[in-house]
Amino acid sequence: MFKKLIAESMGKSPWLFHINAGSCNGCDIELVSVLTPRYDAERLGFKLAGSPRHADIVVVTGPVTTQSLPRVLRAISQVPEPRCIVTMGSCPQSGNVFKGSYSVAGPLSKYVHVDVDVAGCAPKPQAVIDGLALATKILKEKREAK
Amino acid sequence: MDFPFVKEAVKQLFSKTSCAMYPAVPSEAAPHYRGRIVYHPELCINCGMCERVCSGNAITRSSEKVEEGEKITMTFNLGSCTFCATCADFCSRHAIEFTGDYHMVATKEEDLLVSGSFIKKPPVKKPAPPKPAAPAAAPAAGAAPVKPRDDGKPVNDPSKCVYCTLCAKKCPAGALEVDRAAKTWTLDEDKCVGCGTCAEACPKKCILI
């Protein structure tokens with residue numbers, strides 16, 4: 001009975017971990033604005049976690065530079081399964097305008113399985129909420145499959 | 001005892017929330033927001049300008065031979081797009097449109113591709129005009145290889161030209177006149193300054209100077 005209660009509660013409170021993989025800061029600001037009272041993702045249960053070990057959803061911004069790649073992978077590997085990886089903006093999906101640069105190791109999907117892509121440069125806060133809602137759904141499916 | 005903010009606190013408690021309440025309340029993007037790309041293949045003339053100006057290499061063009069001519073497919077990868085709208089600005093036929101749709105969330109990369117295709121028909125060859133009446137000094141119309149002129153003025157290769165009118169738009173002297181319907185390219189030699197802007201602007205590189 002408690003397990004069921006915990007499973008239901010966890011589905012309503014997915015914690016986010018935000019990784020900046022060499023982003024221009026545009027997407028980071030949009031992600032922070034999602035958590036402000038204006039868009040208030042916290043009313044839907046989303047909360048920024050300070051440590052990857054506490055997180056359910058990983059939000060990656062930036063084109064994954066060669067400097068940040070080992071740190072990104074290390075942080076993601078610390079997130080307990082089942083986890084959901086969300087790429088925010090065009091950069092982690094394709095490299096965007098930075099693709100072909102000597103210091104860009106992306107896209108992120110070369111290294112880990114990406115569950116949700118939120119396109120935009122930078123995406124609107126509403127689009128981020130859409131993406132996070134989809135990620136929560138995927139997370140729930142993954143928990144049930146486990 | 002003094003409670004300084006009681007009035008403010010009570011007021012805020014009963015006032016409307018400042019939260020946008022998305023997704024319960026749907027929200028529209030601001031006017032001129034650059035969201036999902038809509039491509040109109042029926043307007044496109046395959047000049048390739050969008051592909052050249054794209055900073056994120058988000059636009060790819062592929063062609064395959066079909067019965068009626070050439071099937072051109074343009075694909076816009078929204079996962080690689082900066083939404084700068086330079087492609088739409090450079091499109092002389094307004095075939096690329098940025099809409100206010102910002103819901104671009106996908107689980108697969110293919111979901112973020114916007115593509116469209118059209119069939120480009122080969123130009124209908126007109127029967128050669130009767131020559132004998134023309135004076136002998138006039139150059140033979142439609143001579144096979146187009147050679148650059150000696151006087152530094154541009155010359156057009158009609159076999160490559162798509163009549164996109166970009167050269168006429170770019171010409172600082174207004175010396176070029178291109179009619180897309182009639183497929184004519186005329187140069188006002190008196191106005192032309194021989195700057196080469198038209199040759200630079202030509203997406204097909206069919207203007208020689």
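Start by selecting chain A, whose secondary structure comes to 5 helices and 5 strands (DSSP runs numbered from the N terminus, H or I of at least four residues for helices and E of at least two for strands). Before you click on, note that this is a predicted model, where local features need pLDDT of at least 70 and side-chain atom pairs count only at pLDDT 80 or more, while totals for chains, interfaces and linings use all residues. Residues are numbered from 1 along each chain as its sequence is written, with chains lettered from A and ligands numbered from 1 in the order in which they are written.

**Stop 1: chain A as a whole**

Colour chain A from the N terminus on and you'll pass its elements in the order α-β-α-β-β-α-β-α-β-α. Along its principal axes, the C-alpha trace spans about 55 × 35 × 25 Å. The radius of gyration of chain A is 15 Å, which agrees with the value near 15 Å for a compact globule of 146 residues (taken over C-alpha atoms; the globule rule is 2.2 Å times the number of residues to the power 0.38). Buried residues make up 47% of chain A; buried here means 20 or more other C-beta atoms within 10 Å of a residue's own, exposed means 12 or fewer, and partly exposed is in between, with C-beta atoms placed from the backbone.

**Stop 2: the sheet that crosses chains**

Six of them, 6 strands in an open sheet with mixed pairing, line up as β2(A)-β1(A)-β3(A)-β4(A)-β5(A)-β5(B) (strands pair if DSSP finds at least two bridges between them). The edge strands, each pairing on one side only, are β2 (47-48) of chain A and β5 of chain B.

At one end, select β1 (residues 15-20) of chain A: 2 bridges join this strand to β2(A), and the two run parallel. Look for A:L16 opposite A:L48.

At the other end, pick residues 116-118 of chain A and 105-106 of chain B. These are the β5 strands of the two chains, antiparallel and joined by 2 bridges. Here A:V118 stands opposite B:V105.

**Stop 3**

**Stop 4: the core**

Which residues touch the most other members of the largest nonpolar core? Select A:I57, A:V58, A:V60, A:V86, A:V118 and B:C167, out of 75 residues in that core. A nonpolar core is a set of buried Ala, Val, Leu, Ile, Met, Phe, Trp, Tyr and Cys residues joined through C-beta atoms within 7 Å. Helix α5 (residues 125-145) of chain A gives the largest share, 5 residues. Zoom in on A:I57: leaving aside neighbours within four places in sequence, its contacts include A:P14, A:L16, A:V86 and A:L139.

**Stop 5: chain B**

Finish on chain B, with 5 helices and 10 strands. Buried residues are 22% of its 209 residues. Select 29-120 for domain 1 and 155-208 for domain 2, bounds that come from an automatic or database domain assignment. Their C-alpha centres lie 25 Å apart, and 7 residues of domain 1 are in contact with 7 residues of domain 2.

Key. Contact = placed C-beta atoms within 7 Å.
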